[in-house]
Amino acid sequence: MSTLPLLELRNVGKAYGTHRVLEGFNLAVRPGEIVSLIGPSGSGKTTALRCMNFLETYDQGEIWIDGQLLGYSGPGRTPADRDSPAQIDAVRRPLAMVFQQFNLWPHMTVRENVMAPLLLGKRLARAEAAAQADAALARVGMAAKAAAYPARLSGGQQQRVGIARALALKPRLMLLDEPTSALDPELVEEVLQVVRSLAEEGMTMVMVTHEMSFAAQISSQVVFMEAGRIVETGAPGPMFQAPATDRLRSFLAPWFNRSLVPRTEEVK
Ligand SMILES: Nc1ncnc2c1ncn2[C@@H]1O[C@H](COP(=O)(O)OP(=O)(O)O)[C@@H](O)[C@H]1O
Ligand SMILES: [Mg+2]
């Protein structure tokens, strides 16, 4: 492929104290690609995603965003080697994140929540921030709730606001950490529909998800992790239809076996 990656991780590692939770992680995300990170709980998916925009520091390897090294300017990876916060912010500017638990401020209206990073991070004027927030809210079908407080919204609506807050930053790449896993089952689809529409518009995304059929439909690349390492990666067709490893096969088994067949005999 000729296009340069928008995001590239080379041999990235991360330890919490002596516990190494990410090791030898390699990934290249080109413009328009949708990468799904899958794997059992505790396998390091959230850590990998948070390292991608330096919400967590990585201590091995390199992360490149649009040709710039994230977090460090030289070869050292100790806290003393880190770039200044301003430099880090500049490098990660093309990225925006959507959180599993929405992370909305309860004391702010929906519009104020979406405006906050525009005012504080991008230092836009209020009028411009409000206009950008309203456009992003309209994009996720939440314009009518701009003046509401998060507590008055369903979980699905709150997550759509979380997506709008990321979109308002006009990112070139979005990171989504299990955007539907905190939702009641009947609210999942409205959020997946928004993510699908972003995909159709060509938004580049890296998404941690347990929604396997959704991942199978929209991903250009699937990454299966276990114990901090990539076990298997590739296009969704081969990955989901003919896993190369026993570990991925057994991880996916519940989804293959989960057809909904109601009991036919009478309950006594
Ligand atoms: N802040 C932290 N301090 C110490 N250990 C952590 C921290 N965050 C995550 N971990 C550990 O790192 C490993 C990977 O966690 P995580 O990235 O959250 O996995 P996943 O998102 O795949 O469930 C787990 O063993 C978890 O307990
Ligand atoms: Mg996680």
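Mentor: Let's begin with α5 and α6, whose crossing is right-handed; a crossing is called right-handed if the near helix is turned clockwise from the far one by less than a right angle, and left-handed if anticlockwise. Helices here are DSSP runs of H or I with at least four residues, strands are runs of E with at least two, and both are numbered from the N terminus. Keep in mind that this is a predicted model, where local features need pLDDT of at least 70, side-chain atom pairs count only at pLDDT 80 or more, and totals for chains, interfaces and linings use all residues. Residues are numbered from 1 along each chain as its sequence is written, and side-chain values use heavy atoms, with hydrogens and water left out.

Trainee: At what angle do α5 and α6 cross?

Mentor: The axes of α5 and α6 (residues 185-200) cross at roughly 20 degrees and come within 8 Å, where axes are lines fitted to C-alpha atoms, for helices over the stretch in contact, and angles run from 0 to 180 degrees between N-to-C directions. The two helices are therefore roughly parallel, a term for angles under 35 degrees, while over 145 is roughly antiparallel, 65 to 115 roughly perpendicular and the rest oblique.

Trainee: And which residues of α5 and α6 meet?

Mentor: Among them are Ile163 and Leu167 in α5, and Leu187, Val191 and Val194 in α6, with contact meaning heavy atoms within 4.5 Å.

Trainee: What about α3 and α4, how do their axes cross?

Mentor: Those axes come within 9 Å and cross at roughly 125 degrees, α4 being residues 126-139, and that makes α3 oblique to α4. The contact includes Val114 and Leu118 of α3 and Ala130 and Leu137 of α4.

Trainee: Switching topic, what volume does the largest pocket have?

Mentor: About 750 Å³, the volume being the space filled by probe spheres set on grid points that are joined across faces, edges and corners. On a 1 Å grid over the protein atoms alone, a pocket is an open set of points where a 1.4 Å probe fits, with protein on both sides within 12 Å along at least five of seven lines, and lining residues have an atom within 4 Å of a point.

Trainee: Which residues lie nearest its centre?

Mentor: Of the 21 lining residues, Arg92, Leu95, Pro117, Gly121 and Leu169 lie nearest the centre of the largest pocket. The largest share of the lining, four residues, comes from α3.

How values were computed. Chains are lettered from A and ligands numbered from 1 in the order in which they are written.
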